[in-house]
Amino acid sequence: MTEQALIDTFEAPPRRQRGWAKLRGVLLSDRKALFGLVILSLFTIAAIFGPWIAPYDPNAMSFDMMLSPSWSHPLGTDDLGRDLLSRIIVGTQVSMFVGVATVAIALVVGVTLGVLAGYFGGWLDHIIMRYIDLQWAFPNIIIAVYLVAVFGTGLLNLIIAISLAFFDDFARIARGMVLSIKEEQYIAAARTVGVSHLRIMWRHILPNAMAPIIVQATVSVSYAILAEASLSFLGLGVEATTPTWGLILAEARSFITRAWGLGIFPGIAIMLTVLSINFIGDALRDFLDVRETKESA
Amino acid sequence: MSAEDVLVELRDVRKYFPVKRGIVFDRVIGQVRAVDGVSFSIRRGETFGLVGESGCGKSTIGRLLLKLDEPTSGQIRFAGRDIAGFDAAETLAFRRRVQAVFQDPYSSLNPRMTVEEIVGEPLLVHSIEASRAGRLQRVRQLLSVCGLPARSVDSYPHEMSGGQRQRVGIARALALRPDFIVCDEAVSALDVSIQAQIVRLLQELRSEFGLTYLFIGHDLSVVRHICRRVAVMYLGRIAEIADSDILFDEGCHPYTQALLASVPVPDPEIEHRRAHQMIRGEIPSPMNPPSGCVFHPRCPLADESCRRSVPELRKAGEEHDVACPKVGPADISPAWLTDKAKADAVPGGPGRS
């Protein structure tokens with residue numbers, strides 16, 4: 001070691017902004033992400049405090065059926081005279097929980113299988129990918145219906161069923177990314193250094209494969225909310241007395257010509273959620289991509 | 001050459017890659033003979049060059065030596081032991097002694113890791129420095145040895161130039177204090193001025209840390225400058241091995257001659273006058289190599305016997321082996337090169353200045 005090295009050792013270089021501070025910087029500098037954050041926070045509050053915020057009991061029926069929006073019922077009433085605003089507020093909890101939890105499970109399971117298949121290849125790849133091909137041959141909703149029929153109804157089983165029906169997309173994307181990344185020289189360099197397979201997958205492959213996976217995750221949230229609606233509509237989801245966005249939307253179909261609000265408002269709620277998650281997902285992608293955050297960090 | 005001097009030894013190493021076809025059920029329809037019976041040894045402390053055109057199997061040899069691929073047959077011995085027989089712990093110990101500097105400074109560093117993480121990773125994985133502060137200090141020392149400022153620990157690879165990135169790659173290779181470094185085209189992707197800096201750095205490190213290099217390259221002037229012994233490869237086989245000066249001045253294999261003749265001379269007058277004995281045709285497919293001597297379809301000396309028998313490496317002098325029966329000590333200047341052309345084309349050469 002030279003003398004200069006010793007001097008440099010004691011020189012304290014300026015540390016880069018990291019972790020939470022950097023994430024906050026990215027979120028605040030991105031207007032769309034900020035919008036998403038605000039909307040999502042509002043929905044989160046509604047999800048937690050829904051029963052207390054709602055102006056009416058979401059299941060209280062009256063003879064004022066299919067009213068247009070008015071001061072007493074801001075979003076109108078449905079075919080059984082229930083207040084639509086209250087039903088949407090109370091429904092936030094189940095819908096958001098299903099949407100987020102489902103995607104989280106599908107992401108973890110799918111990415112794990114996809115990375116293992118792509119990294120190790122060989123018979124493991126064959127087994128995993130042939131199963132996923134099999135699952136691809138069926139529409140997601142059919143698989144979810146089948147799984148609910150096997151597991152039984154209920155919120156937890158619903159989440160498991162939808163996430164299992166969704167994980168194949170994540171596995172496919174992750175595998176594709178891994179196949180291209182593992183040919184990079186830094187993977188060969190990591191192996192030469194003696195890095196374990198697990199650490200190569202976790203530290204070298206996964207961070208570089210995240211961008212398309214995040215996009216897929218944000219898109220999947222909306223599908224998950226709608227899948228919950230379909231299953232609930234078929235009587236395979238939550239109980240009919242539990243209002244969820246999807247259920248409200250599904251029930252509205254029969255009356256859409258007489259009460260336009262019944263379809264529009266739950267639809268807007270789903271749309272806003274998905275849009276917010278998309279915006280936050282984009283910001284998250286920027287945050288994870290070291291090249292693009294250079295200016296905002 | 002005594003046995004203790006040899007650090008790395010290849011014995012008849014072959015690496016065939018199967019070529020598969022089929023969607024559901026693969027079947028092997030052929031083999032790419034990337035490396036086909038290569039033997040040589042590298043002595044402790046020397047820089048051994050491996051040259052040849054792209055696709056001749058030189059990088060595959062590098063990967064085999066790094067234990068990134070397993071040879072199809074043959075033995076690779078490191079410090080007297082067959083590396084194929086290593087268990088997990090021995091492999092890890094082997095990795096501490098054998099490191100690599102890769103070709104592409106843009107793809108050999110993980111774009112999402114800082115320099116600190118990249119250079120510190122070997123120290124972490126081998127539990128040499130458990131604490132982050134200790135690692136950071138070692139990383140700064142390594143960077144400084146490689147001519148990088150200590151503040152670059154926080155940089156990401158994309159914030160650095162090609163030469164700086166290659167220095168980071170060298171620092172990572174040095175982190176474990178290895179004995180042997182495979183430089184796989186380590187300077188090919190860099191600008192010429194940067195190449196010179198990196199070559200000088202590699203030479204300094206060699207004397208400072210007592211390193212042994214396998215220097216894989218296709219730039220003959222760089223190879224001549226840095227290497228003590230050089231092997232010329234063609235289509236997975238060794239054409240000629242010799243002391244660097246002997247090879248570049250008296251290399252007698254027709255392929256070596258052609259390679260040397262293809263190096264441009266930085267003097268337009270000489271360049272214009274000298275005979276351009278261009279090599280004919282394209283490099284054949286390693287999936288279906290020619291019979292006999294693999295070079296015979298392009299060789300100016302080839303006759304019927306070259307089509308039939310595979311030439312063995314034979315002694316052509318002290319520190320000089322050549323795999324061609326047509327040339328050798330008896331006939332060191334091939335007939336197809338006139339004395340005049342030879343005098344202009346071969347001696348001196350570039351990189352000699």
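**Note on helix packing in the predicted model**

1. Helices H10(A) and H11(A) run roughly antiparallel to each other, a term used for angles over 145 degrees. Their axes, which are lines fitted to C-alpha atoms over the stretch in contact, come within 8 Å and cross at roughly 150°, with H10 spanning residues 245–252 and H11 residues 261–288 of chain A.

2. The contact is made by A:Trp245, A:Ile248, A:Leu249 and A:Ala252 on the H10(A) side, and by A:Leu262, A:Gly263, A:Pro266, A:Gly267, A:Ala269 and A:Ile270 on the H11(A) side, where contact requires C-beta atoms, placed from the backbone, within 7 Å. By class, eight of these residues are nonpolar, two are polar and none is charged, with Gly counted as polar.

3. This is a predicted model in which local features need pLDDT of at least 70 and side-chain atom pairs count only at pLDDT 80 or more, whereas totals for chains, interfaces and linings use all residues. Residues are numbered from 1 along each chain as its sequence is written, and chains are lettered from A and ligands numbered from 1 in the order in which they are written.

4. Chain A has eleven helices and zero strands, assigned as DSSP runs (H or I, at least four residues, for helices; E, at least two, for strands). Of its 297 residues, 43% count as buried, meaning that 20 or more other C-beta atoms lie within 10 Å of the residue's own.

5. In chain B, helix H9 (residues 254–261) is largely enclosed by the rest of the structure, because six of its eight residues are buried; among them are B:Pro254, B:Tyr255 and B:Leu260.

Methods: Axes are lines fitted to C-alpha atoms, for helices over the stretch in contact, and angles run from 0 to 180 degrees between N-to-C directions. Angles under 35 degrees count as roughly parallel, over 145 as roughly antiparallel, 65 to 115 as roughly perpendicular and the rest as oblique. Two residues are in contact if their C-beta atoms, placed from the backbone, lie within 7 Å. A residue is buried if 20 or more other C-beta atoms lie within 10 Å of its own, exposed if 12 or fewer, and partly exposed in between; C-beta atoms are placed from the backbone.
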